[in-house]
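I opened my notebook to record, one look-up at a time, what I could read from this structure.

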Amino acid sequence: MSMTTPPRRNRSAGAPVLEWLDRHPQGSHMMHTARELLAVQAVLAGTLPPALARRIQVARIDGPKITVMVPGPAHAARLRQLTEAAARRIRDAGWPVEQIVVRIDAAMGRTWTEKPRRETEPLGENALRSFEDLGRQVAPGPLADAIGRLLRHHRS
């Protein structure tokens, strides 16, 4: 039996998990909540300017109160100006909303990307000889030590 990683599956491979969640009592409740949050978010996004709609996230529905997360104070101020019209639109879609609470989540604005690998070119023989010459001319100390480390690193 080999210890290799199985091949990646396409996105539809997650369907059995979603089906299981729908059948499992706790999972069913979670799926219902997620669908409800997404549905309210879609209605809310339809009432907002597109630039703001892309930056909101409905975080909680607690009876007549909906909590919406935004990435910063400017988004929060703009959304607060539109909450009455948005609440009316959500009520028209079937949710008994009386209040939209706006909260700031600064982490929403962050994007997590992988640091690009540093692209370096190895030092050529001519450059290494120049550093060796320099290392012989420099007095013992931190600079001479740094040149020695550089040479050891590039010679190995």
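I first noted that a residue counts as buried when its relative accessible area is under 20%, and that the model I am reading is a predicted one.

Entry one, a strand residue. I looked up threonine 67, which lies in strand 2 (residues 65–70), and because its relative accessibility is 14%, I wrote it down as buried. Setting aside neighbours within four places in sequence, I found threonine 67 in contact with Gln57, Val58, Ala59, Arg60, Val101 and Arg103.

Entry two, a pair of helices. I saw that the axes of helix 2 (residues 25–47) and helix 5 (residues 83–92) come within 9 Å and cross at roughly 135°, so I described the two helices as oblique to each other. Helix 2 brings Val40, Val43, Leu44, Gly46 and Thr47 to the contact, while helix 5 brings Ala86, Arg89 and Ile90. I sorted the residues of this contact into 5 nonpolar, 2 polar and 1 charged.

I searched the whole structure and listed 5 salt bridges. In one of them glutamate 125 pairs with arginine 129, with the closest N and O atoms 4.0 Å apart; these two residues are 4 residues apart in helix 6 (residues 125–137), which means about one helical turn separates them. Glutamate 125 also meets arginine 155 in a salt bridge, at 3.3 Å from N to O, and this pair links distant parts of the chain, since arginine 155 sits in helix 7 (residues 142–155) and glutamate 125 in helix 6, 30 residues apart. I recorded arginine 155 as partly exposed, because its relative accessible area is 39%.

Key. Residues numbered from 1 in each chain as written. Predicted model: local features only at pLDDT ≥ 70, side-chain atom pairs only at ≥ 80, totals over all residues. Heavy atoms only, no water. Buried < 20%, exposed > 50% of the residue type's maximum accessible area, 1.4 Å probe, protein only. Contact = heavy atoms within 4.5 Å. Axes fitted to C-alpha atoms, helices over the stretch in contact; angles between N-to-C directions. Parallel < 35°, antiparallel > 145°, perpendicular 65-115°, else oblique. Nonpolar A, V, L, I, M, F, W, Y, C, P; charged D, E, K, R; others polar. Salt bridge = Lys/Arg side-chain N within 4 Å of Asp/Glu carboxyl O.
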